[in-house]
Structures are given as C-alpha cells and as structure tokens.
Amino acid sequence: MTFIKKAGLMGAIGCALVAGQAAAADDVFINPEWANSAWYVGGNIGQTRANVDDVRLIRSLTANGAGLNSFTADEKDVGYKLYVGKQLNQYFAVEAGFFDLGKFGFKSTTTQNGTLNGEAGFRGVNLDLVAQVPLSQRFSVFGRAGMNYAKATTRFHGNRLFAVTNPSPSERKLNAKAGFGLEYKFSEALALRGEVERYRVNDAVGNRGDVDLFSVGLVYKIGRPAAKPVAPVEPAPAPVVPVVAPAAAQPPAEPAKPMNPVSEKSTFSAEAVFAFDSSVLRPEGKASLDELLSKLQGMDADVMITVGHTDSIGRAAYNEKLSLRRAASVKAYLVSKGVDAARVYTEGKGETQPVADNKTAEGRARNRRVTVEVVGTRR
C-alpha cells in the first residue's frame, strides 16, 4: 500500500470522526433491537510489528565457513484491514475481512564480501468471532479470536542467494489470530475502535512468527431505521344538520358547560424505565408508558412535557446530559405511538431538583426519575 493511499485512508477516518462527533450530540439510542442484529462495515489503519524467527536465515548465511558481519531487520510498517460483520446479539458478532500487514525486510553482510537482503509481505483474509462487554451506553470492551489465511511473498537479492533455496518464494497458510480493544459509540450507527491484534504467519522460507497490528478505525452499522412517521389526524367530517319544519317555541336549552383544562402528572423510577447509565428504554419502561397512554384515552392533550432527573452522584454536566437524553428517549417512544411530536417537549434537570436527600440510598433512588406531565381537556 503506497504512502499516499495510507494517508488518504487516515484522512477519511479523521473526517468521519469529526462528522460523527458533530452528529453525536443530538443522537438518542432508541433502536437497540436493530443495533443488536445489524450488519456493519469498517476499516482500521495503524502500525504493524513483526517478530519472525531469523535463526534459519542466519544459519544459511554462515554456511560454508562464512562469518556474519552484520544483520539488521526492519520489523515495522503500516498495515490496514477492511471488514464486514453481523451482530448476533448485544454481546457477540461475526466478522470477515481483508488485511494487509505491510512489508518487513533485513540486510546482512558476511565475511568474504557476502551480502543478502530480503523483504517479506503478508496479506490475506480472516474470519473472527467478536465478544463485546458494554461498560456504559457508549463505551465497551471487546475481544476477538479467529483464523487468518495469509499469503506471504518474499524477495531476496545479493551475492549470497545460494543461501536460500528460492529467491522469490511465496506461501499461503492458515493460522490463528486474536486481539482485544475498546469501542466508543458516537451514535447507534457509528463507532470508533482502537485495538491490538496478533496474526500468526509463515514467511515462505520455513520460518514462523507473529505480526502485531496496533490500529484505530471506524465501524458503521447499515440500515438504521428512520423515525416512525406520525399518522396525520384527518379532520372529522362536518355534521349534517337536518332541516325540520318550524315548531312551537321551545324554552331555550341550557348552555353547555365549558370544558375546564386539566393537568395530569406521572412519575417513573429511572431504574424501572432505563438500564444503568443508559437512555435506552427497557421493556418494563415501554409497558409503563403504554399504561400512561391508555389512561389518557378520552383526553385532548394540548401539551406533554417529559422531564428527566438524576441524583447527585457524578459530574453535574454529565447528569444534565443524561437526564435530557432520557427525556428525549421517552418523547421518541410517545411519538412512535402516535403522539404529535410538536406537542411534546423535553427538559433535563439533572441533579438540580431533588425530591429527597441525596445522602441516603433511598433518597438517591427517589431522585432518579422521569416525569411526564400532560395538559389538556377531558371530553
């Protein structure tokens, strides 16, 4: 891979990172079912380090009574990989990819004015099982184990080519690979990965060794569902007023009593609605919101306000953002059930409006809550 291509790939990753950070602020994690079963594509680039057994080469160089004057190896290069994966569930995925680990060389001189230089490159395909453990809504650690089928291409030149059997050997071999890393989700669709991998390889002249790839890259999940459209409310047809013959004067009917506006407020425990440090609605939380919507049957809702609250543990700025994400997640679910999005407002109060003492576990549990207030008129 040329330097220009590598620089271009790195620049593309950098641009995508900036775009991902700009989009992350308004993102709400509301499609866990899709995210835990989606297909995804990705690419990583980084530095490779080779650790290939050179004993056999040195033994060949010193054959026939020659002495070794110097032997230097270049064991670092730039490598990359491209891959496609399928999320099996929240914790496991399968990935298949193509990799290029770069090229590694050596230079040697012997007595009797002998020289032998060589270069070996490795590229191939792999299939891995990836296990992921979420640490929070955005951070997770992962490990991988699998197999790589690599082609090793080696070139030798110098006046001691008789020390090797073939000056341009190549070999394809199936070996193991493993790795681990850290992932940060900008959104449900876009994530950043940093990882370390070890590829077991053969260098085509009988030596075995390892190549380590230290890389960063982006992962993009394909087919993120669009927000569910809210069905438009069609105006009711105008009532048909029947024409009747004039009759005797009747006493005037009593005027209809005006409908008074009413306000209803519901409070939900954050632990019952969301997972720890997350704004993804649990099935229990969706059931609670469905029950609230059923209670609002027969009420013309003018305004709905969802407000998130937290306890005082953690930084105030983080708590405010978490409370706003939770309020936004509740709004998104209400809208998906047909509520007019223009009538739903969100607020994140963080830790600023406690209803109990944050010094006790019971008080902090009461303060971690989401409220939904509905203002409208009963029919």
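## Numbering and confidence

Residues are numbered from 1 along each chain as its sequence is written, and side-chain values use heavy atoms, with hydrogens and water left out. Because the model is predicted, local features need pLDDT of at least 70 and side-chain atom pairs count only at pLDDT 80 or more, whereas totals for chains, interfaces and linings use all residues.

The mean pLDDT (the predictor's confidence in each residue, from 0 to 100) is 80, and 75% of the residues reach 70 or more. Over residues 20-26 the pLDDT stays under 50, and the model has five contacts for them beyond four places in sequence, where a contact means heavy atoms within 4.5 Å.

## Nonpolar cores

The protein has seven helices and 13 strands, which are DSSP runs numbered from the N terminus (helices: H or I, at least four residues; strands: E, at least two). A nonpolar core is a set of buried Ala, Val, Leu, Ile, Met, Phe, Trp, Tyr and Cys residues joined through side-chain atoms within 4.5 Å. The largest such core holds 18 residues, of which Met 304, Val 330 and Val 372 touch the most other members, and α5 (283-295), β11 (299-309), α6 (316-336) and β13 (369-378) each supply at least two of its residues.

Leaving aside neighbours within four places in sequence, the contacts of Val 372 include Glu 264, Phe 268, Leu 292, Met 304 and Val 330.

## Pocket

On a 1 Å grid over the protein atoms alone, a pocket is an open set of points with protein on both sides within 12 Å along at least five of seven lines, and its lining residues have an atom within 4 Å of a point. The largest pocket has a volume of about 640 Å³, a volume being the space filled by probe spheres set on the points, which are joined across faces, edges and corners. Of the 24 residues that line this pocket, the closest to its centre are Pro 32, Asn 36, Gln 90, Ser 278 and Val 280. The largest share of the lining, three residues, comes from α2.

Definitions and conventions:
Buried < 20%, exposed > 50% of the residue type's maximum accessible area, 1.4 Å probe, protein only. 1 Å grid on protein atoms, 1.4 Å probe; cavity = no way out; pocket = protein on both sides within 12 Å on 5 of 7 lines; lining within 4 Å.
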